[in-house]
Amino acid sequence: MRCSGGLTRRARLAVVGLLPTLVLAIALFLPPIPQDLEYHDFADKRALYGIPSFADVATNLPILIAGFAGLIFLFRERGRIPGPRFRHPGETVSYGLFFAAVLLTSLGSAYYHLEPDNGRLAWDRLPLSLVFVSLLAAALAERVNRTVALVLLLPLAILAINTVIYWNLTEARGLGDLRPYLVLQIAAMLVIPTLMALFPPAYDHSRDLGVAVGIYALAKLCEFLDREIFELGSIVSGHSLKHCLAALAIHWIHRMLRQRHVLN
């Protein structure tokens, strides 16, 4: 079977598999990457109602709401499968993990921003790592093979958790190494749009997933420009804005699921 510029299915799968391999190969040539302690020095430290860094803590609420709303939607939808939004109950597993991980990430992030340090950051990154692999598994299920995606979900989740555990252990020994965690995140963000480009969608509104990835990329840019954005008028910091944009990206995925229909 040929499509996507004449590439066979095997060739397209090879391209998808090559991306994480290349990211891993590049990472292996780099020295260990410790956590920059300046990362914990966020621009907006203003307290409110006795809560330090109130904006960075409070802006996790939209993320929590988005995750909770997604879980409620999946719970209500389970009695309509097979249906227009899900062809098979197995397709909801990855999205269930995705929204549950989002909810836990909001709690971990709020906990971290109360007193930022490496120990608390681990509780933010543990569920966040699951967000990426669950969304990757969902894209694989819908674009490539549902059974393969379900089989891979648990190993991917274990791998994701272990990248954070590895980083935390290496930090405790004074040899911090973020490479596995970064490889996982970067590879997932590369593979998902590649799957969208090379494999036909099973549902309409599929481009909304690309929009969500783009919104998250913008959120990461705001995180990088945390202090610069805050200095524009001391209204909102880049990191707080990142939280709001991340919530929007999650909502966009929820919106996609609510509006989509199976393509014939």
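Is His-239 buried or exposed? Hold that thought for a moment, everyone, while I say what we are looking at.

This is a predicted model, in which local features need pLDDT of at least 70, side-chain atom pairs count only at pLDDT 80 or more, and totals for chains, interfaces and linings use all residues. Residues are numbered from 1 along each chain as its sequence is written, and side-chain values use heavy atoms, with hydrogens and water left out.

Back to our histidine. His-239 counts as buried, because its relative accessibility is 2%; buried means under 20% relative accessible area, exposed means over 50%, and partly exposed is in between, with a 1.4 Å probe and protein chains only. His-239 sits in helix α10. When I say helix, I mean a DSSP run of H or I with at least four residues, while strands are runs of E with at least two, and both are numbered from the N terminus. What is His-239 in contact with, leaving aside its neighbours within four places in sequence? The partners are Tyr-39, Phe-42, Asp-56, His-113, Cys-222, Glu-223 and Asp-226, where contact means heavy atoms within 4.5 Å.

Now to the nonpolar core. In soluble globular proteins, nonpolar side chains tend to be buried together. Here, the largest nonpolar core has 60 residues; by nonpolar core I mean a set of buried Ala, Val, Leu, Ile, Met, Phe, Trp, Tyr and Cys residues joined through side-chain atoms within 4.5 Å. The residues with the most contacts inside this core are Tyr-95, Phe-98, Phe-99, Ile-192, Leu-195, Leu-209 and Ile-253. Two or more core residues come from each of α3 (61–77), α4 (91–114), α5 (118–143), α6 (146–172), α7, α8 (207–224) and α10 (238–259). Helix α5 gives the largest share, 13 residues.

Next, how the helices pack. Two packed helices are described by the angle between their axes and the distance between the axes. The axes are lines fitted to C-alpha atoms, for helices over the stretch in contact, and the angles run from 0 to 180 degrees between N-to-C directions.

Let's take α1 and α7 to begin with. The axes of helix α1 (residues 9–28) and helix α7 (residues 179–198) come within 9 Å and cross at roughly 160°. That makes α1 roughly antiparallel to α7; for reference, angles under 35 degrees count as roughly parallel, over 145 as roughly antiparallel, 65 to 115 as roughly perpendicular and the rest as oblique. The crossing of α1 and α7 is right-handed, meaning that the near helix is turned clockwise from the far one by less than a right angle, with anticlockwise giving left-handed. The residues of this α1 and α7 contact divide into 15 nonpolar, 1 polar and 2 charged. In that count, Ala, Val, Leu, Ile, Met, Phe, Trp, Tyr, Cys and Pro are nonpolar, Asp, Glu, Lys and Arg are charged, and the others, Gly among them, are polar.

Helix α7 also meets α8. Their axes come within 10 Å and cross at roughly 150°, which makes α7 roughly antiparallel to α8. The crossing of α7 and α8 is left-handed. On the α7 side we have Gln-185, Met-189, Ile-192 and Met-196, and they meet Arg-207, Leu-209, Gly-210, Val-213, Tyr-216 and Lys-220 in α8. By class, that gives 6 nonpolar, 2 polar and 2 charged residues.

Then there are α4 and α5, whose axes come within 7 Å and cross at roughly 160°. These two helices are therefore roughly antiparallel to each other, and the crossing of α4 and α5 is left-handed. Their contact has 18 nonpolar, 5 polar and 3 charged residues.

Finally, some backbone details in the loops. Which residues does a cis peptide bond join? Ile-81 and Pro-82, with omega about 0°, and Pro-82 lies in the loop between α3 and α4. Tyr-49 is not a glycine, yet its phi is positive, near 55°. You will find Tyr-49 in the loop between α1 and α2 (54–58), and at 72% relative accessibility Tyr-49 counts as exposed. Ser-234 likewise has a positive phi, of about 55°, without being a glycine. Ser-234 belongs to the loop between α9 (226–230) and α10, and is partly exposed, with a relative accessible area of 38%.
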